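The sequence and structure come next.

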Amino acid sequence: MGIWSCLGTNKAAVTASLREGRSGIGIEKERLEYGYQSALTGIVERPNLKGLLHRRLRIGLPEEGEYAFMASREAFGQAGIDEAFLDANEVGIIFGNDSSARPVIEAANIKAEKHDTQMLGSGYIFQSMNSTVNMNLSSIFRMKGVNFSVSAACASGSHSIGLGYLLIKQGLQDRVLCGGAQEVNYYSMATFDALGAFSMRMDDPAKASRPFDRDRDGLIPSGGAAAVMLEDYESAVRRGAPILAEITGYGFSSNGGGISQPSDDGSMTAMSRAMKMAGIQADDIDYINAHATSTPQGDMFEAIALDRMFANSHAWISSTKSMTGHECWMAGASEIVYSVLMMQHDFVAPNINFENPDEHSAHLHLATEMKECRLDTILSNSFGFGGTNSALVIQKVKESINK
């Protein structure tokens, strides 16, 4: 796995943040100058790729592509996959990404000022397409397998992993790098701000993201990138690759309602399908990484769905978005990385800033502080605009099998 987020720029740093319940949210004053109502955002370090990547390869990378390169580099390193392996073997790539706003706007501004398309140079076309991440990374790493993007709003990263899993399960690929990437620049989220979707709790950024809390007032935009190297079990064993966890279920659905309307029924369909594919029941699940973004409607419908499915279950529930904000297109992938890190280190990250339940969240088995416990089976939810829903089940690989 690889991760580049507001919680840290590698797995070790992110693990520490998750355990400590440390928020990665802060203030970017430039947002107010640009016309935002809220200046809250995840604070994500921009990587310096000089010395890591030739300028010829950097020119087509947008901001989210840089994050994805770093996350993929870390994932390949842990998986024991180097340039020689990539040259000799077929490895695919599926990434979730649903915008690349900065290069589009910058190119439009240059054209408006210069009235000459030849002033744009060669980089903007590759930076501005939704497929920019897999397009660039497949070229940088010389990958020869499946190669496309998933654009499914805030479920993009989760669907990318689910699709990679299905391709391997069907025998069509042995290895697929999957993940999600999200730009953090203020160009990318202005339309969300226009909807009044963001928290206005700017006096205390670390307490602004409040999933399931009665006093939540909106989400906080965030981003970065996450990557997971999926591989057929037999192939991984032959290579002697470290096996961190197993994906055993992928469920999906569409709400069939309004473009921004959540649904407890749609959420339950995705969760039920993932669990059925994994061959598990509600009480087999030890932890649920909730989608909960800190919006009044979204959290309410997910809480209703979770209560309907997991009432009296032992599974702990938390939303890591309480610390990260909403990582949008990458969230479904980053939350798998966060969940596996918890599984590896035997703890549940807290749902911070939960102080007062509402009528729906009061019924949930929420982890409001870090819990030390063994996690064998985890369910991770991701839902998005347009009513797209994705759920993934990951399980710890038994030690006897993993030797």
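What should the 14 residues of helix H6 span at 1.5 Å a residue, and how far apart are its end C-alpha atoms?

## Helix H6

The model is a predicted one. Helix H6 covers residues 101-114, and at 1.5 Å a residue its 14 residues should span 20 Å.

Ala101, Pro103 and Ala107 of H6 are buried. The partner against which the buried residues of H6 pack is helix H7 (123-128). Just after H6 comes His115, with a positive phi of about 55°.

Strand S6 (residues 175-182) is largely enclosed by the rest of the structure, because eight of its eight residues are buried. In a regular strand, side chains alternate between the two faces of the sheet. In S6, Arg175, Leu177, Gly179 and Ala181 point one way, while Val176, Cys178, Gly180 and Gln182 point the other way; all are buried.

S6 pairs with strand S4 (residues 92-96) in the parallel sense, over five bridges. Gly180 in S6 has Gly96 opposite. With strand S7 (residues 224-231), S6 runs antiparallel, and eight bridges join the two. Gln182 has Gly224 of S7 as its bridge partner.

## The five-strand sheet

An open sheet with mixed pairing is formed by five strands in the order S8-S14-S13-S9-S10. Strands S8 (246-254) and S10 (316-318) are at the edges; each has a single partner strand, so one side of each lacks a neighbour in the sheet. Ignoring direction, neighbouring strands of this sheet are turned by 15° against each other on average.

Eight bridges pair S8 with strand S14 (residues 388-395) in the antiparallel sense. Ile247 is opposite Ile394 in S14.

## Helices on the sheet

Helix H13 (residues 296-310) lies across strand S9 (287-289), S10 and strand S13 (377-384), and runs at about 150° to S13. H15 also packs on the sheet, where it touches S9, S13 and S14. The direction of H15 makes about 165° with that of S13.

## Where H1 meets H15

The axes of helix H1 (residues 11-20) and helix H15 (residues 331-345) come within 10 Å and cross at roughly 80°. H1 is therefore roughly perpendicular to H15.

On the H1 side, the contact is made by Lys11, Val14, Thr15, Leu18 and Arg19; on the H15 side, by Tyr338, Leu341 and His345. By class, the residues of this contact are four nonpolar, two polar and two charged.

Notes: Residues numbered from 1 in each chain as written. Predicted model: local features only at pLDDT ≥ 70, side-chain atom pairs only at ≥ 80, totals over all residues. Heavy atoms only, no water. Helix = DSSP H or I, 4+ residues; strand = E, 2+ residues; numbered from the N terminus. Expected span 1.5 Å × (residues − 1). Buried < 20%, exposed > 50% of the residue type's maximum accessible area, 1.4 Å probe, protein only. Contact = heavy atoms within 4.5 Å. Axes fitted to C-alpha atoms, helices over the stretch in contact; angles between N-to-C directions. Parallel < 35°, antiparallel > 145°, perpendicular 65-115°, else oblique. Nonpolar A, V, L, I, M, F, W, Y, C, P; charged D, E, K, R; others polar. Pairing = 2+ DSSP bridges.
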